[in-house]
Amino acid sequence: MIARYLPILDWGRRYDRATFGADLLAAVIVTIMLIPQSLAYAMLAGLPPEAGIYASIVPILLYAVFGTSRSLAVGPVAVVSLLTASAVGDVAAQGTAGYAVAALTLAALSGGFLVLLGLLRLGFIANFLSHPVIAGFITASGILIAASQLRHILGIEAGGHTLIEIVGSLLANLGRIDPVTLVIGALATAFLFWARRGLKPALLRAGLAPLPADILTKAGPVAAVILTTLAVWLLGLDARGVAIVGAVPQGLPPLTLPSFAPDLVTQLALPAMLISIIGFIESISVAQTLAAKKRQRIDPDQELIGLGAANLGAAFTGGYPVTGGFARSVVNYDAGAATPAAGAFTAIGLAIAALALTPLIYYLPTATLAATIIVAVLGLVDLAILRRTWTYSRADFAAVAVTILLTLGLGVEVGVASGVLLSILLHLWKTSRPHVAEVGRVPGSEHFRNIDRHAVETAPHLVTLRVDESLYFANARFLEDLVQSRVTEGCGITDVVLMMSAVNEIDFSALESLEAIDARLRDMGVRLHFSEVKGPVMDRLEGTHLLDHLRGRVFLSQHDAWAALAPRHAT
């Protein structure tokens, strides 16, 4: 029981020197990558840069204790940082103490919500947010984030929560572009794009071994930070208008207390829930993908507890909401991380950076952090999802397109809320019109197939309808109408069989609809039968009014129904 809630007791018992070496190497690589990312994402969230470092220390340690993924790297991520800025910006002004406290409260609420879901074993709720909607939201968020960071690249003041507002603000201030900042931002962006795609092949061509080449490639953002910081310091560019990070507190994360004032909690409760769900979906997706490659198991409910603990840790140590990041988790996996201890070693590395390295980033230009964000988030943009969904499913295409447009046009909170609503509505719409096929027997076999797709045997007095969906309140009436349209007075039909092989559940509304179908057919002199009813469904139907008054029979298989009802009449 204890090991279930503390996975560290499982993998910790088997920890050895070889595993330690693999985890330590992965931690070095991820730490190098995470330092500039943490600073950049804190800026995106509207918080001081040290908040990003703080959010990457204790949360990682807590996830290592409570999480089940061996490769997931937890910390600030782009989408959650954007959602944090949007939510907290509605209750406090950036740069104020109230803004930082609100971010702590948001992390605490998110953490508490995630832990509660985990304890109640409600990890399945993430399934109600469809992948097309998530892809649309993340794509739109990536575009919004990149657009919002252009002001730092250009060295101008601009703002806005929607794409229209951001672009309008940028255009209105184009005349105030700072040329030096633009040069730094443009060069940093170009270098980071090249480092992501061209640096490793160049190093390999130069004869460097794959592992050092990979480490140096991952250190690309660190190189950009070092070079631009030195340039600003040596040339005195801060005196010429280049915005810099400035003084960053030196030391370990402080102990902080969120505010649980009723008004603040009420304002942040819904955003915290949305951030929790989005963060969990992003985290569990990458965790399960990486675990599958090593045939490892991820427990979604325990992941909720692990991520919840991480967010609670952020709330009490000067951070803000965190989750598992895709890019850093893939890097962690590729670097050979064998256990969550790799995350703990990463936290130690970041703690050392917080103690010793923060004075060195005083002259770090914010344009470099903006370039880091832009290069990172453009990898999230997947406009090809529109083409793929258009080809496969127009309903999914509509969901993706609407989510993208609403997120870009009305902001991230409206976008994610509409995405959740669209996912639920799309599910209800699809299941409210279940596929029901009239089937006949494949000649010389015991198989039954759709009469519109196959050459099958049928009987003029017998209709067999295969129901390809569980029956519940949203689609029960649809089945009633379908049977009524198929079986009319004087049609010569004497028996109707509902083939239930795909029905996993029948709720009370659907039960009443089946009773109504039976009553109507009885009045017409037609018998209603069922075939291939699953055991759990049959258990629920036993003793109901439906079976007590059913004129027909319940057949174990459709072949049994055919043999009993259609002898000598097949055509």
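Mentor: Helices here are DSSP runs of H or I with at least four residues, strands are E runs of at least two, and both are numbered from the N terminus. Keep in mind that this is a predicted model, where local features need pLDDT of at least 70, side-chain atom pairs count only at pLDDT 80 or more, and totals for chains, interfaces and linings use all residues. Residues are numbered from 1 along each chain as its sequence is written, and side-chain values use heavy atoms, with hydrogens and water left out.

Trainee: Is valine 286 buried or exposed?

Mentor: Buried means under 20% relative accessible area, exposed over 50%, and partly exposed in between (1.4 Å probe, protein chains only). Valine 286 comes out at 3%, so it counts as buried.

Trainee: Which residues is valine 286 in contact with, leaving aside its neighbours within four places in sequence?

Mentor: Contact means heavy atoms within 4.5 Å. On that basis valine 286 touches Leu72, Phe326 and Ser329, once neighbours within four places are set aside. Serine 329 is 43 residues away along the chain, yet the two C-alpha atoms are separated by 7.5 Å.

Trainee: Now helix bends. Where does α10 bend?

Mentor: The bend at a residue is the angle between axes fitted to the seven residues ending there and the seven starting there. Helix α10 (residues 179-205) bends by about 55° at glycine 198, with proline 201 following within four residues. Glycine 198 is also among the buried residues of α10, as are Leu199 and Leu203. The helix's buried residues pack against α8 (131-154), α11 (210-218), α12 (220-235) and α17 (366-378).

Trainee: And how many salt bridges are there?

Mentor: The rule asks for a side-chain nitrogen of Lys or Arg within 4 Å of a carboxyl oxygen of Asp or Glu. The count comes to 10. In one of them, aspartate 301 pairs with arginine 121, their closest N and O atoms being 3.7 Å apart. That pair links distant parts of the chain, 180 residues apart: aspartate 301 is in helix α14 (residues 300-315), and arginine 121 is in the loop between α7 (97-119) and α8. Aspartate 301 is buried at 11%, whereas arginine 121 is partly exposed at 43%.
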